[in-house]
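Please read the following points with the sequence and the structure side by side.

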Amino acid sequence: MMVAHMAHYEETTQLTDGNGEVSPSDLKDHPAESSHSSTDNTSTEESSEEEETQEEEAERDSDSDTRPRAENHTEEQRQSCCEKCQALKNPKYEVITPRKMSRDRLQLQLDAEGVYECSDTGLVFEVSQCVKITYCVLSWSKFSTFLSGSWKFAGPIFDVDCDPSILKSVQFPHSLCLADKDNEVKFSVLHVKNSRGLIEPSADHSGSHVKWNVSSLSPVGPIVQTSKSAEHHGVVQVFKEVGHENSFSFRVYLAGNNCSDIKDIRRAVRRANNCKNNKKYIHVDKPPTCMLEENRRYRLISEPMGHITPEDMLFSPVIVEVKGYFEVFFEESPPFKLSLTEAESGHTVWTATIREGDCVHHIDETSRKPSKGKKRHSSTSEEELCHKHIKKARGIDEPDCNATSAAPDLTDQQLMLVAKRMGKEWKVVAISCLGLSKQDLEELEVAEESVTMLKFNMLERWRRRQPKGKAGIQELHKCLKDNDDVPNEVIAVLDEMLQNNSAT
C-alpha cells in the first residue's frame with residue numbers, strides 16, 4: 001500500500017467552535033477557490049482559476065535539462081520508510097495510472113463503480129458509477145491563513161473536479177507515523193470553499209490515508225491535531241548547482257513526503273533557476289525518505305568536511321519556503337558523504353553518497369543558444385514581466401517571440417482550435433507566456449463572453465501585437481511549448497498544424 005506522502009502543515013487563522021467555519025475577519029482577504037459542486041454554480045472551467053493565477057511566475061520551468069526530478073512522486077517516495085507503519089493494516093485498492101493533462105493536473109477515467117487509487121499521488125477515490133475525475137496538487141502556501149492553534153497540515157492539498165453525486169469519498173495520503181499509541185491523533189480535513197475555510201470531520205483513517213465523505217468539491221486537504229509532537233515520514237531532496245566546471249555546490253531541502261511539499265521545493269528551485277545570476281540547479285537522485293520529528297533540530301554533516309549553512313535546521317509545521325534549505329559547498333572533488341542527524345542526540349536519520357557521476361551533467365547548450373537570429377524564450381521572470389508591463393503602459397508593444405522567417409499569421413479558425421484546448425490556467429499563460437498584462441485580461445472580461453471566447457480573444461490580442469508575419473504557428477508554439485500550465489492538448493494541436501504546414 002502506498003503510505004502517505006509526508007504532510008504539511010502551516011499555521012493559519014483561528015477556527016470558531018461549532019460548524020468549524022473560519023470567520024470572515026480571520027481570512028485576511030486570503031483568496032481561495034470556488035467549489036466545483038453544482039450547488040456553488042461554478043463551472044469546471046472557471047473554478048480554481050484564482051488559485052492558479054496566484055502561482056508565481058517563477059513556477060515556469062527552466063530548461064528541460066535542469067528540470068528537477070522531484071516533481072515525479074515516485075513509488076519509492078510513496079512507500080513508508082518506517083517499519084512500524086508497515087506493520088499497520090492498510091487496505092489495498094485497484095491502482096490506476098492517470099493521464100497527465102499538464103505538469104500537476106491529472107485525470108482518471110474510471111469505468112465502473114468501485115474504489116480506485118491513483119498511482120501518482122496516492123489519492124483514493126470511491127465512485128458509484130463510471131466517471132472522469134480531474135485533479136491537481138496545490139501548495140499549502142496558498143492557504144496559510146486558514147488554520148491556527150493545534151491544527152496542522154497532515155498531507156497534500158488537492159483540487160478535485162468531478163460530479164460530487166458520483167464521487168462518494170476521497171482518501172488523502174497523510175504523513176504521520178501512527179505507531180506511537182501514546183500520541184492522541186485527531187484527523188479532519190480543511191475544505192476551502194467560497195473564500196471560507198471549513199473544518200469538516202473525517203470519516204475514517206488508516207496508517208496511510210484520511211477518508212473524507214464528499215460534500216462538494218474545491219480545495220481539500222487532511223489536517224491533524226496531536227497531543228504531542230508527531231513523527232513524520234519525510235524526504236531529503238538534494239540539488240546540485242550546474243553550469244560551472246569543478247563547482248561542487250548543493251542545496252539540501254527537508255520536507256514532508258507529500259506532493260504539496262515537493263511542489264514547493266520544485267517551485268523554489270525554479271525561482272533560483274530563473275534568477276539572472278547564471279545559477280542552475282538539477283536534482284541529484286538519491287534515496288529520499290527518512291523520519292523527521294516536529295520541532296526537532298537537524299544537522300547536516302559531510303565527509304570530507306564542507307562549508308554548510310545553516311548549522312542546523314528546525315523541522316516544524318511550516319511551509320517549505322519558510323524552512324529554507326542547507327547550502328553545501330566543497331572545495332575538494334567527489335565523492336561526498338552527506339548525513340542528516342538529530343542535532344541533540346547525533347542520531348543519523350538519513351545518509352547518501354554523492355559520487356563523481358552524480359556531478360557530471362551534460363547540459364544541452366544548443367537548446368539555449370540563439371540560432372539564425374532566433375531567440376528561445378523558456379520562461380518569463382518576474383523582472384522581465386514587470387519590464388514588459390511598463391513598456392506596454394507607455395504604449396510600447398514588445399513582441400515576445402521572434403520567428404526565423406516571415407510566415408502566415410494564425411487564422412481565426414486556428415486560434416479557435418487552440419482556445420478550445422486551453423485549460424483553466426489560460427490567464428497565467430496569457431501573462432507569463434504571451435506578454436499580456438492584468439489590465440489586458442480585465443479589459444477582455446468586460447465583454448462577459450463565454451470562457452472559450454475569452455481565451456480566443458486573449459490569443460487574438462497576442463496575435464494583433466506581433467509584427468506582421470511574426471504571429472504564426474511556429475511563434476505561438478515557441479511561446480507555449482516549455483510552459484507547465486499549457487495543457488498537452490494545446491501543444492498537440494500546434495504540432496499537428498506544423499506537420500500539416502510542412503506537408504504542404
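1. In this predicted model, strand β9 (residues 167-173) is joined to strand β13 (residues 209-213) by five bridges, and the two run antiparallel. Within this pairing, S169 stands opposite N213 of β13.

2. Strand β9 also has strand β5 (residues 124-127) as an antiparallel partner, with four bridges between them. Here S169 of β9 is the bridge partner of E126.

3. Is β9 enclosed or open? Six of its seven residues are buried, so β9 is largely enclosed by the rest of the structure.

4. Strand β6 (residues 131-138) is likewise mostly covered, with seven of its eight residues buried. Strand β3 (residues 105-110) pairs with β6 in the antiparallel sense over six bridges, and L108 stands opposite I133 of β6. Strand β8 (residues 157-161) pairs with β6 as well, antiparallel over five bridges; in β8, V160 is the bridge partner of Y135.

5. The largest nonpolar core has 33 residues, and the members that touch the most others are L110, F125, I133, Y135 and L167. Strand β6 contributes the largest share of this core, namely four residues. A second, separate core comprises 31 residues, including L410, L444, V451 and F456.

6. Which residues does I133 touch, leaving aside those up to four places away in sequence? Among them are L106, L108, L110, F125, V127, V160 and L167. Q107, D161 and C162 also belong to the list.

Note on methods:
Residues are numbered from 1 along each chain as its sequence is written. This is a predicted model: local features need pLDDT of at least 70, side-chain atom pairs count only at pLDDT 80 or more; totals for chains, interfaces and linings use all residues. Side-chain values use heavy atoms; hydrogens and water are left out. A nonpolar core is a set of buried Ala, Val, Leu, Ile, Met, Phe, Trp, Tyr and Cys residues joined through side-chain atoms within 4.5 Å. Buried means under 20% relative accessible area, exposed over 50%, partly exposed in between (1.4 Å probe, protein chains only). Contact means heavy atoms within 4.5 Å. Two strands pair if DSSP finds at least two bridges between them.
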